[in-house]
Amino acid sequence: MDQNPHCTLITPDAPVTVETHGGRAKCLQRLVRLDLRVPRTVALSFDTVRSIADGRMPDLDPILAEFTPGALLCVRPSSEDPDWGGPGAVLNIGMNTDRVSDFAKTLGQEAAQELALRFVQAYAIHVARLDPDWFEELGTLGPEGAVGGLRAVLRAYKEETDELFPEEPKVQLASVLRSMARAWEGPTARLLRQAKGAPADAGLGLVVQEMVPGLGQGECGSGVLQLVNATTGQPQVSGRYLSQSQGREALGEGAEAVFLARDPRGPSLEDVAPDAFAALKDYAALMREKLREEMQVEFVLHDGEVHILDGVRAPRSDRAALRIAVRLAEEGIIPRQEAVMRVEPRKLTSLLHRQVAPNAPREVLGSGIAASPGAASGRIVFTSAEAQASAARREPCILVRRETAPEDIRGMHAAAAVLTERGGMTSHAAVIGRGLGLPCVVGASDMRVSTRDGTLRTADGRVLKAGDLVTLDGTTGQVLAGSPPMIEAAMDDAYQTLMAWADEERDIAIRANADTPADAQTARNFQAEGIGLCRTEHMFFEQGRLVLMREMIFAETAQDRATVLERLLPLQRDDFVQLFQIMQGQPVCIRLFDPPLHEFLPTNRTGQRELAEALDLPLSDVTRRVDEMAEYNPMLGLRGVRLGVTVPEIYDMQARAIFEATVEASRKGAPVVPEVMLPLVSAKRELELVKARIDAVAASVRAEKGQDFDYRLGVMVETPRACLRANEIAPMTAFLSFGTNDLTQMTYGLSRDDAGRFMSDYVQKGVFPEDPFHVLDPDGVGELLRIGAARGREAQPEVTLSVCGEHGGNPESIAFCRHAGFDYVSCSPFRVPVARLSAAQLAISDKLSGNHYVIL
């Protein structure tokens with residue numbers, strides 16, 4: 001064959017590329033260059049396959065002329081990325097009456113008839129599109145063996161198509177090529193590959209390869225071999241081998257395949273064909289070194305001789321992928337930078353949390369938004385009190401709520417996982433779940449939660465009650481029946497090595513959002529470079545503190561409030577001492593009290609009656625106070641810095657707790673420079689009023705303790721006005737930390753708790769390219785960030801810029817922050833590794849200046 005760029009015989013110097021002929025064709029060329037025994041192969045380009053799908057068949061005579069006369073052929077797909085899939089391979093093309101007679105002389109009549117039977121079945125099902133169940137059943141070997149089975153399927157083929165089965169190899173090959181080309185262009189195949197990230201116009205190549213029978217005299221068969229364990233990534237010869245077989249039959253369900261290496265559990269290829277086994281190991285090692293990847297070798301033995309049909313990237317779990325990348329780099333096969341680039345950041349979550357085993361059966365009860373990764377099994381509970389009781393009995397439970405509120409914090413701590421009917425990626429349950437490393441599914445709108453009846457109703461009408469056993473998969477967003485097998489988290493030496501390499505490359509700091517000492521310790525364990533957001537209000541929901549908070553809310557005068565807050569002061573101070581000691585001198589950014597005060601008050605009659613008893617007040621006083629504090633839109637009401645202006649005693653107490661903790665922690669360890677952050681600032685005057693009081697508290701503590709200390713005051717930029725007026729705010733601050741959760745809400749006019757109900761429709765219909773609460777909107781919210789950063793830096797060149805919303809752990813958002821000149825991002829502790837790796841990959845990509853490695 002002349003070197004036609006569209007139908008090309010694969011030789012060492014043939015014009016074959018991944019972009020024109022697909023990954024399989026290019027890999028086969030590489031195997032040919034390694035001088036491996038690869039059967040003769042012709043590659044058809046993407047353009048040729050598109051032409052075939054459109055009805056323009058190339059001249060097949062030159063293609064057939066490349067192969068041994070009378071040889072059987074197989075056709076396999078060759079897409080640009082193997083993960084995009086493709087139509088199944090078709091084997092034994094060219095089988096007809098003459099070939100059956102020829103094979104009968106060497107293989108025996110039964111084996112020859114079985115070869116023909118397999119081909120006719122495959123052709124009928126995949127090319128003629130006839131009923132697969134019927135043709136597979138017809139081909140089942142009965143008393144007459146393969147002869148009777150072949151006769152039955154040929155008769156059925158004629159009945160269904162009104163024509164004889166084609167005998168001419170050229171006709172068979174043309175039909176197979178046409179069928180595979182059109183299958184690739186079909187709507188179902190297109191949707192499936194687009195779901196895996198393929199472009200809509202992704203091309204398909206086809207490879208036509210001369211077959212080695214795998215059947216006959218001597219040791220014959222087929223199998224696959226790789227040098228690595230697909231689950232762990234550890235070195236291990238693994239795979240299967242099946243005597244007297246073709247293609248990937250050894251991997252078929254029920255196949256009586258044997259082991260490869262010697263194994264006490266049964267016979268092995270090493271036992272029956274030691275020379276072939278040794279050669280296969282050598283070939284796989286050569287491919288690993290030269291192709292710079294762990295490969296799975298597809299092979300055929302014919303009379304003891306090894307033939308390599310294909311080499312594909314060895315299948316692997318997420319944890320195996322990481323270990324493989326590290327081992328390849330440690331052995332000098334790939335550079336460290338490439339090892340960092342080969343691990344998909346989001347795949348790290350499967351290493352940090354328990355997961356449902358990949359092959360475990362799944363009985364799906366419902367689904368929602370995968371808000372916090374990991375999986376947990378437990379019995380359903382509907383209240384925080386039930387969750388705490390379950391934890392006291394050491395019985396894992398799943399907390400099911402319509403939506404969570406701050407008073408559910410203790411129940412969330414006690415639960416193994418959380419499911420909510422409402423909410424989105426930045427809803428209360430999602431944010432807290434990620435902070436705790438707790439599997440969480442929110443916005444499960446196809447399920448109905450009734451806390452009054454204590455039931456969870458699924459879309460198909462099933463009713464689950466308290467005590468029923470379910471599993472929550474926060475990685476996929478699925479709610480499963482029962483308790484499927486799990487695999488444990490694994491942050492082993494390979495993980496630590498890869499993350500150390502990543503830290504050497506990245507150029508933006510990564511902090512963690514941590515509200516409690518336990519969160520801070522998790523942040524340290526994940527090597528966060530400080531705390532970028534400590535939400536102090538979460539410290540007040542423990543039962544003893546909650547009573548004091550409510551007593552403070554009911555105080556009639558400023559003096560009465562200050563008196564109650566004095567009792568909270570030592571508790572808050574101890575919290576901060578623990579945070580500072582855990583972080584060992586790293587920066588800790590503490591956001592002063594943010595939520596509206598009514599969130600600390602009970603909403604139901606029973607809770608209000610208990611509060612009245614605790615405070616020794618008439619129930620009418622309690623209900624009246626609750627009604628007075630109610631707001632129509634509390635997230636835009638009396639909260640954040642507005643509390644600091646109107647109820648200044650709260651911020652005074654918190655500032656004193658921070659500064660006294662600073663003095664105490666500095667005496668015991670590394671010097672502490674706390675960062676005090678004011679939430680929801682939108683006007684310069686708000687900052688002036690609160691800053692004056694905080695400075696006064698600092699001076700008072702210095703005088704009382706006889707010790708000097710420094711602190712940094714900053715603003716959490718959460719309103720569009722704060723972005724636009726950053727030039728007025730920045731001169732009075734050391735840092736501007738952009739809270740993108742609330743900023744996205746206010747920019748879009750969307751409630752993050754309610755948007756989940758319709759967000760999927762908006763994304764599907766192209767209104768938004770992504771959920772803006774999940775991926776930072778670079779155009780709208782991003783423009784406000786750029787404006788705020790530019791105006792803030794113009795007025796105060798030394799101001800530190802950061803993002804502390806949940807977007808901080810998102811790879812796309814980190815890319816935006818790097819290019820916008822931000823100093824650090826802060827995210828939930830369990831997202832810190834993802835952020836570290838993402839930042840490193842972005843830095844490496846910039847250094848390579850277009851010479852990008854492929855993320856595998």
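Analyst: A cavity is a set of grid points where a 1.4 Å probe fits but from which the probe cannot get out. The model before us is predicted, and the structure holds three cavities of 30 Å³ or more.

User: How much space lies in the largest cavity, and which residues line the largest cavity?

Analyst: The largest cavity holds about 90 Å³ of space. Its lining is made up of Ile409, His413, Ile432, Gly435, Leu436, Asn513, Asp515, Thr516, Asp519, Arg535 and His538. By class, three of these residues are nonpolar, five are polar and three are charged.

User: Which helices each supply at least two residues of that lining?

Analyst: Those helices are helix 17, spanning 409-414, and helix 18, spanning 428-436. The largest share, three residues, comes from helix 18.

User: What is leucine 548 in contact with, once its neighbours within four places in sequence are left aside?

Analyst: With those neighbours left aside, leucine 548 is in contact with Val564, Arg567, Leu568 and Leu571.

User: How should I read the packing of helix 9 and helix 10, and at what angle do they pack?

Analyst: Helix 9 (residues 169-185) and helix 10 (residues 187-195) pack at an angle of about 60 degrees, and their axes are 5 Å apart. The two helices are therefore oblique to each other. Helix 9 makes the contact through Ala183, Trp184 and Glu185, while helix 10 makes it through Pro187, Ala189, Arg190 and Arg193. By class, this contact has four nonpolar, no polar and three charged residues.

User: How many helices and strands are there in the chain, and what share of its residues counts as buried?

Analyst: There are 34 helices and 30 strands in the chain, and 55% of its 856 residues count as buried. The C-alpha atoms fill a box of roughly 105 × 55 × 55 Å along the principal axes. Among contacts between residues at least 6 apart in sequence, 68% join residues at least 24 apart.

Technical notes: Residues are numbered from 1 along each chain as its sequence is written. This is a predicted model: local features need pLDDT of at least 70, side-chain atom pairs count only at pLDDT 80 or more; totals for chains, interfaces and linings use all residues. Side-chain values use heavy atoms; hydrogens and water are left out. On a 1 Å grid over the protein atoms alone, a cavity is a set of points where a 1.4 Å probe fits but cannot get out, and a pocket is an open set with protein on both sides within 12 Å along at least five of seven lines; lining residues have an atom within 4 Å of a point. Grid points are joined across faces, edges and corners, and a volume is the space filled by probe spheres set on the points. Helices (H or I, at least four residues) and strands (E, at least two) are DSSP runs, numbered from the N terminus. Ala, Val, Leu, Ile, Met, Phe, Trp, Tyr, Cys and Pro count as nonpolar, Asp, Glu, Lys and Arg as charged, and the others, Gly among them, as polar. Contact means heavy atoms within 4.5 Å. Axes are lines fitted to C-alpha atoms, for helices over the stretch in contact, and angles run from 0 to 180 degrees between N-to-C directions. Angles under 35 degrees count as roughly parallel, over 145 as roughly antiparallel, 65 to 115 as roughly perpendicular and the rest as oblique. Buried means under 20% relative accessible area, exposed over 50%, partly exposed in between (1.4 Å probe, protein chains only).
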